[in-house]
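Subject: Structure handover

Hello,

Here is the structure I said I would pass on.

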Amino acid sequence: MPWRRNHRPIYSHAELKRVIEPKSIAIVGLSSNETSFGARTLVNLKLCQGVQIYGVNPRGGELHGVRCFPTIAEVPGPVDCAIVATPREAVVALTEQCAKAGVGGCVVYASDFAETGIPERMQQQERLTAIAGAARMPIVGPNCIGIINNIVRAGMLFLGGYDTAPWRPGPIGLISQSGALGYTLAQACERGGNYSHYLTAGNQCDVDVCDYISYLTEDPNCGVITCLLEGLKDGERLMEAGEKALTADKPIVLYKMGTGSAGAEAAMSHTGSLAGADAAYRAAFRRHGIIAVDNLEQVYETAAFLAKAGKPKAPGVAILTSSGGAGVIAADKAEKYNVALPQPGAAAVAVLKATIPEFGAARNPCDVTAQVINSPESFNICGRALLQDAAYGAMVIPQGVSVRELTPARVPVVSGLAQAMAKPICLIWMTEWLEGPGSELYEANPYVAMFRSADRCFAALAAWNWREAVRRAPRGRVRLAPGGKPAAAAKRLLAQAGTKLTEREAKEVLAAYGVPVTGERLVGDREAAVQAAEALGFPVVLKVESPDIAHKTEAGVVRLNLADGTAVRAAYDAVMAAAGKVRPKPEVRGVLVQPMIGAGVELIVGSKLDPQFGPMVVVGMGGILAELLRDTAVELAPVDRGQALAMLQRLSAYKLLTGFRGSAPVALDRLADIIVGVSELAADQAGAIAEIDVNPVICGADRAIAVDALIVRAG
């Protein structure tokens, strides 16, 4: 059956506006207890201006200075956002009342729903989903701490402190499934950070992180979106939101938690075990220009840099330092992340040499030496000369020792350089005096991005350039196997093969998409095997054909490099005997006789149907090394030739393909075409094929050919 589900399209900005940018808020369950979630929310709302606040309490009256009404239906005028601050037992009934009253959306705090795994509680959460869908009333939560619209200072959450924290409206939107973990990032406001929104999703019964991304993509107050993601119910919605943000040129910086590949051990093919859940997420992120970071600490720094940087004017980066050692560290990290450090042109070099002492370095990295203390203007002169060079799109300044008399005074110099040259400057705060003099000035500066790690700094610069390349790349693809003929042929062959495919049947399906495969003959006795070998030409290979033996080498039903009839007869008896030992007893349809393909570089090309993102294509080192080395590249299917070549270039063993220590390079274009063909087959037959395993593909200077293949049917 098809993998695609009937999913709800992502919410638009207009559909979520009433709940995130409300003109009226009702706290349902407001009580006299000052420590209750409702009362805490009311405190966080006291900075909000131009918003009507109501309470809903069965006794009515007034609580904490707010007029209360017995039911949501009795609240005068429309209610944009209802914050349901009651225990779980009352939530479903109150949410139904909100829907009947025409409320614009609900935020549900209560926990103990689906996260408990208790069937009754799961059904209650499903009921909330149904209410939201039927009434077209977005529901946030349950099991969430709430949301903040910092543009209008609306703190619609129960976690205390928003009313006193130095939240500054800014261009970064923060989305998190986990409210507490998200708030750890939100506390960057304590050191000069700023956010436009803080949006938590909790159990995501209705509104999820994809909806929030969609909302912020359309919100003019948000320039960069950050997201803390635990998991998704529907990967298609993330891709829809990611593409929307890429089209709008609004960067997404995402940290995915839970990167294990649970379930991969149950896969039937090598491909299935190599392409785990995290690989699918990463492939989706790459396809849609989502910047995936590996650590929580990277999220805010990367987003703050992107918010200040604008578009890159050149890929090169200049390093300006007064410490030679710091310059070496920066250069090491640039190399790690493939960030270009071109040397300055003649005009810049002339300025540098005239300004820097002879024991400095008038190059890139540029070491102005500690003499800059005695000649502060030299720093400005050298920085301006480098940023005027067209080779550089950004500058990195490692800040070592923090000195009360000197460091804060340099902030306006650095900021002025970035502003005047319209190029971003990254300040690496290297001292362990984390909050030392000047740090808060750099944090809050609109033109300088501060990093507390050289590694994170260059990772962000690499992501900056990479995302721009993705954004500029054509979004359409040219099919290698256009039209419906390959798909129709594959569909027919799959129907003829039944529920399990043999190697021979799998190769026929692959051949329909132009994948070159070895020829073969199916025989039923040893003398027929000898005759087939003589017709094909020695040496040959013998393999048992069985739809029940997925991994033939492990089962001992393969014999290689058979040079004559005697060897073929012995091999036939040996593979049939080995097949007889397989348990449970397999269906044996005969023995395949194939020509022995000469030595070459062996790769695996395959596909796996991911439950979230659909078919993925995988390439890596093949043969018995596939799972041992785990050197793979994964993309969403289908891919075009350019993407296939890029996948090969990501392999650690890429040098083996381009000629290593005197060996001839392999036919990369032919290998890329195999990757494309497998990816197109996987995409076209996503409802019928769960896994494809072409292993090995043997590559030489003038050929790339599939020697063995396995196709696992969906279901």
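What follows is a short account of what was found, from the whole chain down to one residue.

Please keep in mind that this is a predicted model.

The chain as a whole

The protein chain has 715 residues, and 56% of them count as buried. Its secondary structure comes to 25 helices and 29 strands. The C-alpha trace spans about 95 × 80 × 40 Å along its principal axes. If contacts are taken between residues at least 6 apart in sequence, 72% of them join residues at least 24 apart.

The partner of β3 is reached through two bridges: β3 pairs with β4 (residues 66-69) in the antiparallel sense. Within that pairing, Leu 63 stands opposite Val 66 of β4.

Thr 226 is in strand β12, which covers residues 224-229. Is Thr 226 buried or exposed? The relative accessible area of Thr 226 is 1%, and because the cut-off for buried is under 20%, Thr 226 counts as buried. Leaving aside residues up to four places away in sequence, Thr 226 touches Ile 172, Gly 173, Leu 174, Ile 175, Val 253, Val 299 and Ala 303.

The helix pair α6 and α7

Two packed helices are described by the angle between their axes and the distance between the axes. For α6 (residues 209-218) and α7 (residues 235-247), the axes come within 9 Å and cross at roughly 15°. Angles under 35 degrees count as roughly parallel, and α6 and α7 are therefore roughly parallel to each other. Their crossing is left-handed. On the α6 side the contact is made by Cys 210, Asp 211, Ile 213, Ser 214, Thr 217 and Glu 218, and on the α7 side by Arg 237, Leu 238, Ala 241, Lys 244 and Ala 245. Sorted by class, the contact between α6 and α7 has five nonpolar, two polar and four charged residues.

Another open sheet has four strands with antiparallel pairing, in the order β20-β23-β21-β22. Here β20 (521-523) and β22 (558-562) are the edge strands, each with a single partner strand, so one side of each is left without a neighbour in the sheet. From one strand to the next the twist averages 25°. Helix α18 (residues 503-511) packs on this sheet and touches β20, β21 (540-545) and β23; the direction of α18 makes about 50° with that of β23. The antiparallel pairing of β20 with β23 (residues 590-595) runs over three bridges. Val 523 has Val 591 of β23 as its bridge partner.

Met 616 has Leu 636 of β26 as its bridge partner. Strand β26 (residues 632-636) is mostly covered, with four of its five residues buried.

Regards

Methods. Residues are numbered from 1 along each chain as its sequence is written. This is a predicted model: local features need pLDDT of at least 70, side-chain atom pairs count only at pLDDT 80 or more; totals for chains, interfaces and linings use all residues. Side-chain values use heavy atoms; hydrogens and water are left out. Axes are lines fitted to C-alpha atoms, for helices over the stretch in contact, and angles run from 0 to 180 degrees between N-to-C directions. Angles under 35 degrees count as roughly parallel, over 145 as roughly antiparallel, 65 to 115 as roughly perpendicular and the rest as oblique. A crossing is left-handed if the near helix is turned anticlockwise from the far one by less than a right angle, and right-handed if clockwise. Contact means heavy atoms within 4.5 Å. Ala, Val, Leu, Ile, Met, Phe, Trp, Tyr, Cys and Pro count as nonpolar, Asp, Glu, Lys and Arg as charged, and the others, Gly among them, as polar. Two strands pair if DSSP finds at least two bridges between them. Buried means under 20% relative accessible area, exposed over 50%, partly exposed in between (1.4 Å probe, protein chains only).
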